[in-house]
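Hi,

Here's the structure I said I'd pass along.

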Amino acid sequence: ELELNMKLKQLEMALQEVDTFETPKIHLEQYPTTPHLAACVLFDAHNRYNDIEDRTVCDLGCGTGMLSIGAAILGAGYVCGVDIDSDALEIAAANVEGMEVDV
């Protein structure tokens, strides 16, 4: 269990490098996902349900890419982030480039 806790903390620390919205658009229901929340959700999907590694992950309403990037870090086979907000997608693209993951 200690090893799993270390991996969760490592994922959370990595996700702290992901930039979020400076000014979320409330009419689009943009609520930033914290690195802690993203790490917990992804870690659970990965370890409890085996739903990340080598799987196709589609992040609908990806915003700045927090969950997409986390899925890629955990070894998803293919990750696609989708959003209707071009400003969010610009931030997501910069985050993906900065994190050096494939999304």
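Predicted model: local features only at pLDDT ≥ 70, side-chain atom pairs only at ≥ 80, totals over all residues.

Q30 sits in the loop that links helix 1 and helix 2. Its relative accessible area comes out at 7%, and the cut-off for buried is under 20%, so Q30 is buried. As for what surrounds Q30, once residues up to four places away in sequence are set aside, it touches F21, P24, K25, D85 and A88. With K25 there's a polar pairing too: a polar atom of the Q30 side chain lies 2.7 Å from the backbone nitrogen of K25.

F21 also turns up in the pocket, which may be the bit you open up in your viewer. The largest pocket holds about 260 Å³ of space. Its lining is made up of 19 residues, and F21, Y31, G61, C62 and G63 are the ones nearest the centre. By type, that lining splits into 8 nonpolar, 7 polar and 4 charged residues.

Next, the core. The largest nonpolar core has 19 residues, and the members that touch the most others are L15, I52 and A71. Helix 1 (2–15), helix 2 (35–47) and helix 3 each put in at least two residues. In soluble globular proteins, nonpolar side chains tend to be buried together.

Leaving out neighbours within four places in sequence, L15 is in contact with P35, A38, A39, M66, I69, G70 and I73.

Helix 3 covers residues 66–73 and is mostly covered, with 6 of its 8 residues buried. Those are M66, S68, I69, G70, A71 and A72. Just past the end of helix 3, G75 has a positive phi of about 95 degrees.

Last one: V57, which belongs to strand 1 (residues 56–60). At 16% relative accessibility, V57 is buried as well.

Cheers

Note on methods:
Residues numbered from 1 in each chain as written. Heavy atoms only, no water. 1 Å grid on protein atoms, 1.4 Å probe; cavity = no way out; pocket = protein on both sides within 12 Å on 5 of 7 lines; lining within 4 Å. Points joined across faces, edges and corners; volume = space filled by probe spheres on them. Nonpolar A, V, L, I, M, F, W, Y, C, P; charged D, E, K, R; others polar. Buried < 20%, exposed > 50% of the residue type's maximum accessible area, 1.4 Å probe, protein only. Helix = DSSP H or I, 4+ residues; strand = E, 2+ residues; numbered from the N terminus. Core = buried A, V, L, I, M, F, W, Y, C linked by side-chain atoms within 4.5 Å. Contact = heavy atoms within 4.5 Å. Polar contact = N/O pair within 3.5 Å; in protein donor to acceptor, adjacent residues only side chain to side chain.
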